[in-house]
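The sequence and model are shown first, and the terms are given where they are used.

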Amino acid sequence: KKTAAAAAAAEPVQIEDDRTGLSVETLKRAFADNLFYIQGKNADIATLNDYYMALAYTVRDRLLHRWLGTIKAQLKPKVKVVYYLSAEFLMGPHLGNNLINLGIYDQVRQAIQESGLNLDELIAQEEEPGLGNGGLGRLAACYLDSLAALEIPAIGYGLRYEFGIFDQEIRDGWQVEITDKWLRYGNPWEIARPEATVEVKLGGHTEAFVDGAGRYRVRWIPGRTIVGVPYDTPVLGFKNNTANTLRLWKAEAPESFDFQAFNLGDYYGAVNAKMYSENISKVLYPNDEPMQGRELRLEQQFFFVSCSLQDIIRRHLYVGGKLENLDKNAAIQLNDTHPSIGIAELMRLLVDEHNVDWDTAWQITQDTFAYTNHTLLPEALERWPLSLFGSLLPRHLEIIFEINRRFLQEVSAKFPGDTGRLARLSLIQEGPEKFVRMAHLASAGSHAINGVAALHSELLKRDVLRDFYELSPEKFSNKTNGVTPRRWIMLSNPELAFLISESIGDGWIKNLGELRELERFANDKEFQSRWRQIKLNNKTNLTEYIRKRTGLVVDPHSLFDIQVKRIHEYKRQHLNVLYIITLYNRLKQNPELEITPRTFIFGGKAAPGYFMAKLIIKLINSVAAVVNSDPDVRGRLKVVFLPDYNVTFGQRVYPAAELSEQISTAGKEASGTGNMKFSMNGALTIGTLDGANVEIREEAGEENFFLFGLTTEEVYALKARGYNPWDYYNGNPALRQVIDQLASGVFSPGEAHLFEPLVDHLIHRDEYLLLADYQSYVECQDRVGEAYRDQEHWTRMSILNSARMGKFSSDRAIREYCEDIWGAVAVDVALEEYVQATA
Ligand code: BZD
């Protein structure tokens, strides 16, 4: 302490210009220096990865002063910090993004070129941190970007999975999962902070005792402890001084563990215990996996949440805050229910460890936490078997019982005699096996609850959280999702970004609403032709990539019709396939038929244990195999499944798309965010009135959107009166032909029964109403094909789509969270003197 204080008081030492300077000369020198001194290589033996690392360190050096300045600015009393708790952060590669946010893309490109290398190749070298499944994890990443852009003090807390989402390979048309070794070559963007390690308890039992002041207390005697070591990654704001922190926890064994066993001479036992502890942050769980017996997942959730809350309290006390005022300095957002155990953990920390009385603790907790729901699918709502929960977290179970007892008392007071309501609202689901309902814990323990699109938020109030809405309507609001234009336009689609800036200035990057000014170019022939040329360039790039990855040759002049997202029955990739087969049949029956040449492109991963989703991948590849090798449809129809869809690949795909498939069953997709990325980059949408599609259509104008399918109300009504897919099968010859072909093995030569499970499900149950929506989808797709023939009109629609997507910037979403939920405001970051002297 004393040494540190003395050092801080001393005259600041001038930090070398080589680590902060931004001239091309300095950048080149720093790059060469890092190659030599950090990578320990020279040009004779350096690999592409060595060059990437050298560049990454060169860039990292140039953001550190912002990072330290931000940390300092945030560690002040009265500053309110947003803590975003999320089991997933799907950040995507950092290098290109950091260049954009630092505003040094051009200098660095030149420096790298003058060093005899190519910047794009170095950027492509980065192994992306795939620490998320899909939309939910990517949303967390976009929100961190916007928080920094808006200079809001924020920390993202999560898990540093050693293995992120698996890499996908396609073998014989089937998905094969490969472990994602993203840390293999080191991660230049993170800094370990072992000095900030925290301890986490698990298992064991509890004991009641009376403390010195005569108060009834409980202590938790854990069965084991693990420690969390934080790894910090800077998250830069766009051309400002803010660099927030993403703090991810790695699980390790405490030292004491080894020593104990070591003293007993059980060396291997000690090593075993160490390995067991480290398991907790080993691997990301895929979504859509059965939750049964997934104890390790609950351990993960509790582990990162406990580490984070201890960290938050430590920070709060460090700046001299009082625990009673935690909510004045901290807004904690729960990204779905995955971190909702935090409600019970904060209660435990306050009541058991900091001796705060229950009522005060509960008030603090509710005022601090807010909860975002991301799904209406009943099977996706988290519930933990009481037995499992109690054995891992005995004290938390007691606390949850006590929260529930008081909560239900309040409910009784408000709705006397309504026992049905009590059972529905209870945090515990009764029955032969009892469960803790995490969405109920999150809802009871938060002051704000939000859905992620207007429709979704309405449905939440009507269905899943109806009783909570009736109890506390003031907690509910909508926060329509958004995505960051920095990554999803500037970085992904530089040519388009350039054209836009040239036409309307570059204010849109920070204020996406300004894209509206593009409307005046919608009919401008010259502008239209540049717009089209850029799309063609992006399509050509994707074409080249497709050829490299799959060997398939596709025509960049065909309509690029793209569906990329996780594979799930509710997202209905197979409805898309039904249309492809329909088109194929038409062409076979009428070889002279004129159609708009199309390339159907799919990408997405299936959860390893989700059989139907994997079968859908096989289906797409099987149909592709037949269609692509049939000379009768050559030049008119192509089907591509691109393996290993991830953020990096998304950055290539959205700019190249002309048609965006957003075809989920109405009422099932909470929001969608890919739909926004497509539309911003000038793709038109074919979609149902689901999730944020509703608002995208509202903004773009209904004449610039291809709408089809049942509405949510119609879906409910149809199911209520008894949906029978057979009627649709029997009543529609084209549909029947498609289904019969699938059933008889036309697309699975030699394996006639391959798609039987899919076909059976469609004609007997069809939970997601593909058959009901088939005709409407086909007709809509036909209208798309027609519309594409008028390129001028299509381009106009495309421009208008981009121009009107301002609402879907994550900056807008974050502003709403700040104003309505967090009460957080921007904080100025001052750069350290030594940097002002040099930068
Ligand atoms: O969240 C998604 C929704 O399905 C989308 O509609 C929505 O746009 C995004 C962002 O709000 N949900 C997920 O991505 N969910 C998961 O990935 C997930 C992960 C683990 C466990 C359960 C779900």
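## Basis and terms

A residue is called buried under 20% relative accessible area, exposed over 50%, and partly exposed in between, with a 1.4 Å probe and protein chains only. The model is predicted, so that local features need pLDDT of at least 70 and side-chain atom pairs count only at pLDDT 80 or more, whereas totals for chains, interfaces and linings use all residues. Residues are numbered from 1 along each chain as its sequence is written, and side-chain values use heavy atoms, with hydrogens and water left out.

With a salt bridge taken as a side-chain nitrogen of Lys or Arg within 4 Å of a carboxyl oxygen of Asp or Glu, the count comes to 61. One of them pairs E470 with R421 at 2.7 Å, N to O. This pair links helix 20 (residues 466-471), which holds E470, to helix 17 (residues 419-425), which holds R421, across 49 residues; helices here are DSSP runs of H or I with at least four residues, strands are runs of E with at least two, and both are numbered from the N terminus. E470 is partly exposed at 31% relative accessibility, while R421 is buried at 10%.

K807 and E695 also form a salt bridge, their closest N and O atoms being 3.0 Å apart. The two residues are 112 residues apart, K807 in the loop between helix 34 (791-803) and helix 35 (810-822) and E695 in helix 28 (residues 693-700). K807 is partly exposed, with a relative accessible area of 25%, but E695 is buried at 4%. Salt bridges with shared partners also join D418, R421, R424, R466, D467 and E470 into one network.

## The boundary between the domains

An automatic or database domain assignment gives domain 1 (77-92 + 128-196 + 229-251 + 268-383 + 445-480) and domain 2 (538-804). Their centres, taken over C-alpha atoms, are separated by 33 Å. Contact, meaning heavy atoms within 4.5 Å, involves 35 residues of domain 1 and 41 residues of domain 2.

The two domains bury about 2900 Å² between them, 56% of it on carbon and sulfur atoms; buried area is the accessible area (1.4 Å probe) that two parts lose on being put together, summed over both. Three salt bridges are counted between domain 1 and domain 2. R462 and E713 form a salt bridge in which the closest N and O atoms are 3.2 Å apart.
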